[in-house]
Amino acid sequence: MIASLKRKKRDLAAIDGRHFSLDGAMTVLSFILLLVIVVVPIFMIVYNAFFDQGKFSLDLICEQLSKKDNLISMWNTIKIAVLVTILGTIMGVFYAWLLGRSDIPCKGLMRALFNIPYMFPPFLGAMAWDLLLNGRSGYLNKWFVDVFNLSSAPFNINSIGGIVFVELSYYFPFVFMQVVSAFERMDPKLEECARIAGARQGTVIRKITLPLVTPAISAGALLILISSLAHFGVPSILGFSQGIYTLPTKIYAVISRSGGSFEGIRQGAALSIMLVVVVAAALIIQKKVLSSGSYDIIKGKSMRPTLIKLRGARIPLFVLAVLTLVLIVIVPLAMIFLVGLVKAYGLPLIPENFTLANYTKVFASSGTFNSISNSLFVSIAAGIICMFLGTLIAYVVQKIKPRGKGVLEVLSVLPYSIPGTVLAIGVILAWSGKLGVNLYNTIWIILIAYLARYLSFSMKTSSAALLQVHPSLEEAARTCGASHTESLKDVTLPLIRPAMVSGFFLIFLPAMREVTTSVLLYGPYTRTLGVQIYSLRDAGMMPQAAALGSVAIVMIIVCNTIVTAITKDRKGV
Amino acid sequence: MASVKFDNISFRYGDNYILKNFSLTVEESQILCLVGPSGCGKTTLVRCLLGLSKPETGSIYVGETCVFSAEKHINIPAERRKIGIVFQDYAVWPHMTVKENVCYPMKKRHMAKADIEKRAMHALAQVNMTEYANHLPSQLSGGQQQRVAIARALVSSDGLIVMDEPITNLDAKLREQMLLEIREIQRNIGTTILYITHDQQSALQLCDKMAIMEQNGSLCQLGNDEDIILRPANRFTFEFIGVSNFIPMLFENGQCYLDFEGKKQIWTDTLPDMDKTKKMEVGVRPNDIVFDDDSPIRGKVHRSVFLGSEYDYFIDINGKELRVQQNTLDAVCLGVAKEGSEVGIKFLNPHYYEAKEA
């Protein structure tokens, strides 16, 4: 009797609205977290750039705009980004076609090698090229001068051209990877029909193949453009010595020159606004120029495309591809490893001068060791937190669909198009005491910046996975007697687990080699791996920087191998 | 075993009413087929019953339990309604084996382990899936996944199972076999089944009772299969349930005529009461039209198609085309009407309906 009464009461308690709703709680939590992580820093930049002691003023912006060197660095930023985007797109599409659709030999191996620049930190590449082609002391330059009896060095990597060259070699894989996968998913019948209808091979490529992969090309080109506009590592390593600045490096220079004072940070904020305007303008122009719908003709499943015979061009093109690989992958990698072994910077790279002392020094120094553990800590923490947070937001956006889900979506993807330098300044302004919380000089401020920076990665992968989970699967669990929480735990989460794991690695890997934001946020005890390499080089300890760099490369390659192994045998949904 | 009572249910998206004051009762231990065109609100009704959607008005009873009442503010959450469901897309969890799928509802109801094992194997035996107990759903065919979904529904409820278009994705032969099996299982355990479909053919094979829903979400007829086929309540049911011919009627000088594209043919059947000022039509099923050389209604055989169990004719009367079906035995005995030949035809079992607004 009592039991049945109790039961009645519970049934009546299930009246809508009066009991705690999980959906509502998740929605509110998502909004709050995004507010703290994303909105606050962005707001702080805008506020500090436009308001002086609580009053609206354009003085700061005008002052920064009137400085000639700021305008020059803005122009440099645009020039470099546009060049890298155009050249990178051409190069990416060309090699994607070569490896995706022609009968060039050794495809599998070459594809794997072409993906290496994507995981390799660009600033290490810049370091390597600086060692080789530095106008004064580059190894290769010296060799050229000796062999050809030149009066001066033939190449100077410390120039706009040099910056474009190095960025290009790290950013063309964005287009390459997108386009290769589009080629693989394209139905070969589409091209065969055109051939049957009487079109020549060249016409088919121009009129059928390229238009079909245009969405993939423009998506990749957009990635290159945004990344290059915001890029810090390469221009800072190659440009500083010659006084060549881009906006991100200018911001860094302004802040480090001011010793981290508030005035310096405010100037940085104003410059950030300029950078954001450039990025926004680029996004708008890109949308106008390359607006093209996506085609459903490109299917999700892999097909076997018809390969085009290169005939006589096969071997020359193969040689060209191999040379490209040697130039952009092997040479810089080898350089970093070799310089890591050399006794003192500047000695010729011959076995007599080799030593392992740099490595022992690197591992003996507590600073280096700390930087590795710092990086591991922030990267793993950011990966795990973002993985859950991104999944939470993806769930709210895809399944709960509350009012304002568009806002959630925009907020979580927004930081991705905000340059890391800008984000770092926002984080400094927001979390160094002005709002009551002071995290400056601690590892937590770096973690918060990483969260904002990488949230969209995990949000995107989880979103895609959640779209594959049909709502009836969760509903079936509900009718089988599982509460909402249980149906999430038993059905939805297990089904998207593989995507969550790959979301983690998508964050962990780039976070391990991050410099752009951490270089502005690190404190005496919170150097990250990237910052440590950067400062070793800055302090002139080139061989040690190279040794630590090679340690970083080995770590990245090992992690990447683990990731591929994990993601390969994931269970299909 | 439980009956289901929908009382005065309304549901809408914005201003668009999917269901308006809908009432329907499913009696205990029966199979009721709810048939209606796509988009008429069948699935919405099921979702309201399961507790996945919340109606605006009305109440729903499963047996004696009120699972929903807008008035009394009762809305038992889906997980406590104890209704078995087979979704159209099966919704078999891809990350669990067949047995784990079937055990899940019992685990959630905290049954004893030994019981769970026993009932799961029994349910799997009922759907002939015992040997696949440890397979993953991705290793099963569509029909086999279907059976897993049915087994899961069987163990999740003693009294009531809802099937929402469960066999639409199967091929014709498998469909028939599944229908027989569903019927068999229901006979053995006596569960009440609410079967949702847009396909009247499978509904006829399966049901004790049929409920026809109209496009606007209202119930237009509830009855056993014979009722529905022989005495359709209105034009919608008549048209929806099978192939139909409609011939406009004319009333002149107290006489009734059939109008074949301008050619008038006198019609002498006794008419039921009807409003003769309105446009009326005679509705006839193809198999209610027979050949009769003495009939004054004459037409030309335009096309004749042999369908195995019957002949399908297209008969042209002054430009108006009628579908006529003759079963093969009759056709063989009486002779098959040749394409191009002239035939007389007679209408049996005519229905009279108001003409549709053009």
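Student: How far apart do the C-alpha centres of domain 1 and domain 2 of chain B lie?

Tutor: First, this is a predicted model, where local features need pLDDT of at least 70, side-chain atom pairs count only at pLDDT 80 or more, and totals for chains, interfaces and linings use all residues. Residues are numbered from 1 along each chain as its sequence is written, while chains are lettered from A and ligands numbered from 1 in the order in which they are written. Chain B is divided into domain 1 (4-240) and domain 2 (243-354), with bounds from an automatic or database domain assignment. Their C-alpha centres lie apart by 39 Å.

Student: In what order do the five strands of the open sheet in chain B come?

Tutor: Strands are DSSP runs of E, at least two residues, numbered from the N terminus, and helices are runs of H or I, at least four. Two strands pair if DSSP finds at least two bridges between them; strand 4 (57-62) and strand 5 (65-69) of chain B have four. Strand 2 (16-26) and strand 6 (74-75) of chain B each have a single partner strand, so they stand at the edges. The pairing is antiparallel, and the order is 2-1-4-5-6.

Student: Which residue is the bridge partner of Val62(B)?

Tutor: Look at strands 4 and 5 of chain B, which run antiparallel. In strand 5, the partner is Thr65(B).

Student: What is the distance between the end C-alpha atoms of helix 8 of chain A?

Tutor: Helix 8 (160-185) has 26 residues. The expected span is 1.5 Å times one less than the number of residues, so it should be 38 Å. The model agrees, with a distance of 37 Å.
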